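Welcome to this tour. Have your viewer ready, with the selection tool at hand, and follow along stop by stop.

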Amino acid sequence: MPKKRDTITYALYDGNKKVYIGTTNDPEERAQQHKGMGKRFSRMDITSRRMTEEGAKQKEAEQLESYRRGHGARNPRHNKDLDG
């Protein structure tokens, strides 16, 4: 049975500053969850096509690694762990 391709990667921005990188299968619900947790952001951008959850997690890790390379090895403000 083929795996479901229902998960995407996304980034949250506060103005032009990227503040979070993550994965979800429901972007609207996830944005509301972030707001409920007090995360400040002005927009959510979808940064991948729909893929398997495993593929999206790998893509998220790659996006976080790329971000850290350009930001002194630091994660976006709201990402606490190295893997998101």
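**First stop: Tyr-10**

Select Tyr-10 and show what surrounds this residue: setting aside neighbours within four places in sequence, Tyr-10 is in contact with Tyr-20, Ile-21, Gly-22, Thr-23, Thr-24, Arg-30, His-34, Met-44, Asp-45, Ile-46 and Thr-47. Contact here means heavy atoms within 4.5 Å.

A word on what you are looking at: this is a predicted model, in which local features need pLDDT of at least 70 and side-chain atom pairs count only at pLDDT 80 or more, while totals for chains, interfaces and linings use all residues. Residues are numbered from 1 along each chain as its sequence is written, and side-chain values use heavy atoms, with hydrogens and water left out.

Buried means under 20% relative accessible area, exposed over 50%, and partly exposed in between (1.4 Å probe, protein chains only).

**The strands**

Now switch to a cartoon view and colour strand 1, where 6 of its 7 residues are buried. Strand 2 is mostly covered too, with 6 of its 8 residues buried. The two strands pair in the antiparallel sense over 7 bridges; two strands count as paired if DSSP finds at least two bridges between them. To follow the pairing, find Ile-8 opposite Thr-24 in strand 2, then Ala-11 opposite Ile-21 in strand 2.

Strand 1 and strand 2 form a hairpin with 2 residues between them, and Gly-15 in the turn has a positive phi of about 70°.

**The largest pocket**

Select Lys-3, Lys-4, Asp-6, Thr-7, Thr-23, Thr-24, Asn-25, Thr-52, Glu-53, Glu-54 and Lys-57, the residues that line the largest pocket. Strand 2 and helix 2 (53-70) are the elements that give two or more residues to this lining, and helix 2 provides the largest share, 3 residues. (On a 1 Å grid over the protein atoms alone, a pocket is an open set of points where a 1.4 Å probe fits, with protein on both sides within 12 Å along at least five of seven lines; lining residues have an atom within 4 Å of a point.)

**Along helix 2 and beyond**

Move on to Arg-69 in helix 2. Is Arg-69 buried or exposed? Arg-69 is exposed, because its relative accessible area is 61%. Draw a distance from its C-alpha atom to that of His-34, 35 residues away along the chain: the separation is 25 Å.

Finish at Ala-73, in the segment after helix 2. Ala-73 counts as exposed because its relative accessibility is 62%.

Definitions and conventions. Helices (H or I, at least four residues) and strands (E, at least two) are DSSP runs, numbered from the N terminus.
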